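Here's a quick briefing to read with the model open in your viewer. Have a look at the fold first, then work through the notes below.

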Amino acid sequence: RLRLASAFVSGSIHNMRTNVTYYNGKDRDLEAEQAELASIADDVSDAEDVSELMGVEATARKVYYRTFRKILPDEFTFGRREFNPPTNEVNSLISFGNSLVYANCVSAIRATALDPSISYLHEPGERRYSLSLDIADLFKPLLADRVLFRVINRRQLTADDFEEELGACLLSERGRKVYTKEFEETLERTIEHPELNRKVSYQHLLRLEAYKLKKDLLAGEQYEPFKRWW
């Protein structure tokens, strides 16, 4: 379990760093966060148990979320991650995007013989598909976060697309449609896969990840997490 959990955290931090690197080259000063994430990534191999790994991942995500303040326009303030309930527009978008990633990961897992309630990084639970949480951590930067940056920076969504309800900030119906459309179009994008020597969609990458894990468990082919290469 520790080996697989370490792989998920390593891949997650790498994919967060790719977003930071991308926006660092677009007139944002994210050098400090890049360096911090690189340092945190080195801590993964030193973790002695899963709870310690969860702490490493949480530290990395805190640094990563700090970059959102520099990537997004000033009117979209984001102090820290709050999701129960989301207290502002950015937290609302993160929660909504993550839920779409989770749902697509569940679909990918169902295409394999894996039990979706048996996970490695997150605590397994019979009443939730905790394996989707493991795999989703790898893809949230690529899918949920990049879509979030696009719809806000391109002004596809504004503050008018959010509603206050019982102390929560939630997307309006129009906001959900705009975000979902952009998310689904992102899933259909294709990229040349270096090992398959053909183009695959982002959505297919999710299924490939589940099959890689299955091969590790059933055929002894060591699992290597998805790490964005482009």
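Is Asn 197 buried or exposed? Asn 197 is exposed, at a relative accessible area of 61%, where buried means under 20% relative accessible area, exposed over 50%, and partly exposed in between (1.4 Å probe, protein chains only). Keep in mind that this is a predicted model, so local features need pLDDT of at least 70 and side-chain atom pairs count only at pLDDT 80 or more, while totals for chains, interfaces and linings use all residues. Residues are numbered from 1 along each chain as its sequence is written, and side-chain values use heavy atoms, leaving out hydrogens and water.

**Overall build**

- The chain has nine helices and four strands; both are DSSP runs numbered from the N terminus (helices H or I, at least four residues; strands E, at least two).
- Going along the sequence, the pattern reads α-α-α-α-α-α-α-β-β-α-β-β-α.
- The chain's radius of gyration is 17 Å, close to the 17 Å that the globule rule gives for 230 residues, so the chain is as compact as a globular protein of that length. That radius is taken over C-alpha atoms, and the rule is 2.2 Å times the number of residues to the power 0.38.
- Along the principal axes, the C-alpha atoms fill a box of roughly 50 × 40 × 35 Å.

**Packing, surface and charge**

- Of the 230 residues in the chain, 51% are buried.
- Take the contacts (heavy atoms within 4.5 Å) with a separation of 6 or more: 64% of them are between residues 24 or more positions apart.
- The chain exposes about 11600 Å², with 47% of that supplied by carbon and sulfur atoms; the areas come from the Shrake-Rupley method with a 1.4 Å probe, and for residues only the protein chains shown count as cover.
- There are 33 positive and 38 negative charges, and their mean positions are 4 Å apart. Lys and Arg count as positive, Asp and Glu as negative, with His and the chain ends not counted; each charge is placed at NZ of Lys, CZ of Arg, CG of Asp or CD of Glu.

- Helix 3 (residues 50-66) has 17 residues, which should span 24 Å at 1.5 Å a residue, and its end C-alpha atoms are 24 Å apart, which agrees. The expected span is 1.5 Å times one less than the number of residues.
- Buried residues of helix 3 include Val 50, Glu 57, Arg 61 and Tyr 64. The buried residues of this helix pack against helix 1 (2-24), helix 2 (31-41), helix 4 (68-71), helix 5 (89-110), helix 6 (130-139) and helix 7 (141-153).
- Helix 8 (residues 173-188) should span 22 Å with its 16 residues, and its end C-alpha atoms are 23 Å apart, which agrees.
- Among the buried residues of helix 8 are Val 178, Tyr 179, Glu 182 and Phe 183. The partners that the buried residues of helix 8 pack against are helix 5, helix 7, strand 2, strand 4 and helix 9 (202-219).

- Asn 197 sits in the loop between strand 3 (190-193) and strand 4 (198-201), with phi near 55°, a positive value in a residue other than glycine.
- Leu 166 also has a positive phi, near 55°, and lies in the loop between strand 1 (162-165) and strand 2 (168-171). Leu 166 is exposed, with a relative accessible area of 86%.
- Asn 84 and Pro 85 are joined by a cis peptide bond, with omega about 5°; Pro 85 is in the loop between helix 4 and helix 5.
- Asp 115, in the loop between helix 5 and helix 6, counts as partly exposed at 39% relative accessibility.
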